[in-house]
Amino acid sequence: MQQSCNIIIAGAGITGLTAGYELIKKEPKTFVLFDGQRPGGALSTVHQDGWTLETGPNTIVLTNTYLTALISELGLEAETLSADRVSGNRFIVRNKKLIPLPGSPGAFLKTPLFSLRAKLRLFAEPFIKRGTDKDESLADFVRRRLGEEFLTYAINPFVAGVYAGNPENLSARMAFPMLKVLEQKYGSLIKGQFRIKPEDRKPGDLPRAEAPMVTFGQGNQTLTDRLAKKLGSSMKPGSRITRITKKEKKTGEISYSIETETGDSFITNSLILTLPLHVLKGIRWTGFGDLSPDKMLPEVTYPPLSVVHLGFRREDVAHPLDGFGMLIPAAEKMQILGCLFNSSLFPGRTPDDSNFVLLTCFIGGSRNPDFAMEDEGDVYRRVLEDTSTLLGTKGEPVLKRITRWPKAIPQYSVAYQQVYDALAEMEKAHSGLHFLGNFRNGIAVPDCVRNAVRFAEGLNPSP
Ligand SMILES: Cc1cc2nc3c(=O)[nH]c(=O)nc-3n(C[C@H](O)[C@H](O)[C@H](O)COP(=O)(O)OP(=O)(O)OC[C@H]3O[C@@H](n4cnc5c(N)ncnc54)[C@H](O)[C@@H]3O)c2cc1C
């Protein structure tokens, strides 16, 4: 029998859970939140033999007040751990050596990370004219403003770390909107850094330098577990949505009925879809005419990414691991995209912090998608080759674990505006239908939270 409720949310990642929590907090409503697997989506913490392993996001940077308020409201402040001060040190690999990313103008002048030519090129940035191409790739934007070497040794590894992406494909405007604001409003990224005003940032955003980096004592899944607990029996995990049907009564009233693999059928006037775009494209849509996600949405790349956890005895790693981690430019032709030094960031990630260290390496992404899905033995062998060369790891790790994300993170590529336009057009055509998630207005956890809270407050998530 079909059950009726005020709101249905599809997808219980951080976006769906936050939207659900915020909507019922304001006013009790009947609602159901379906997830094909378990609540949490990308946020997933594994506890194994005394190790705390993040298989999705490892660190949460409190870049906006919406996330800080949510953590406080959920009573999670006491469980929050702030990253150690060493997290300010970030390493980039050049010529197979870890070089600290310069944190001050003096350090920039001295760093061997960039050649003299590249440094001089950077000083020319304030004199370069504003670009006129509205949808330029990030690589073209950086080449134009900062030069080729800066693209190769700063932006390429950074983008691999954030998006598992390739700057040649990502849209500067869609993936890093602040860059375009600085260029168009202040005429320069460097000048803009000093002139930026609060209204240039997204609502609730803090300057990055002031945003604390955190996790929770029991890992990042604590956040989504607590939200799911608050939502109680409204949660329907293990319920993969297979079909969505739009119905219109003679009175003009619109409703949406949802069918799941488990045979559940629910109907609502308000449907919030937080499923990845490739999932939306694969669902059966009935009654939507030509304005359905399978027909409207362009193909969006979600490259595969694998997360490789390696635990070592302290004495088996030569490098002091005195930083956040290392990022590896494509030009270095190595296997891994980057590696986090988790045990240097937060306590309690290993069974005994004085004797063990935990590394989290990322492989695949847009740079090397096939490698992410390769055989376990090959993955460990090739990743360990890199950690041995770069960090001086010796022998077999005491812990190793691979987590595969066959479709990890949506790439906000050049022409991504088509996705935004399609979503807006479908929302306009189908009253009560809403799309929220990491495919719109930012991929980071704080972005997803901000968008969900603002949606629940009836505000435009992206003003
Ligand atoms: C490996 C990795 C590392 C990351 N690192 C960081 C980081 O360090 N910091 C950071 O801020 N961000 C990080 N991110 C990005 C961030 O975690 C995600 O963008 C964000 O969590 C996405 O949340 P979401 O709710 O929009 O989507 P998701 O978490 O993808 O949730 C979508 C949900 O939909 C469900 N679903 C799918 N199909 C169906 C169906 N047919 N029916 C019902 N349910 C379905 C899924 O099970 C899932 O739970 C990382 C992401 C990954 C993958």
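## Close-up views of a predicted model

View 1. A backbone N or O atom of Gly-41 sits 3.5 Å from an oxygen atom of the ligand. Asn-58 also takes part, with a backbone N or O atom 3.4 Å from an oxygen atom of the ligand. At Ile-241, a polar backbone atom lies 2.9 Å from a nitrogen atom of the ligand. A polar contact here is a pair of N or O atoms within 3.5 Å; within protein, one must be able to donate a hydrogen and the other to accept it, and residues adjacent in sequence count only if both atoms are side-chain atoms. This is a predicted model: local features need pLDDT of at least 70, side-chain atom pairs count only at pLDDT 80 or more, and totals for chains, interfaces and linings use all residues. Residues are numbered from 1 along each chain as its sequence is written, and side-chain values use heavy atoms, with hydrogens and water left out.

**View 2. The ligand in its surroundings.** How many residues surround the ligand? There are 32, counting a residue when one of its heavy atoms lies within 4 Å. Among the closest are Thr-15, Asp-35 and Ile-443. Taken alone, the ligand exposes 1000 Å², and the protein buries 88% of that (accessible areas by the Shrake-Rupley method with a 1.4 Å probe).

View 3. Five residues from domain 1 and five residues from domain 2 make the contact (heavy atoms within 4.5 Å).

**View 4. What the domain 1 and domain 2 interface buries.** Together the two domains bury about 370 Å², 56% of it on carbon and sulfur atoms; buried area is the accessible area (1.4 Å probe) that two parts lose on being put together, summed over both. In domain 1, Ala-42, His-278 and Gln-411 lose the most area to domain 2, together 74% of what that side buries. The rule finds zero residue pairs in polar contact across this interface (both at pLDDT 80 or more).
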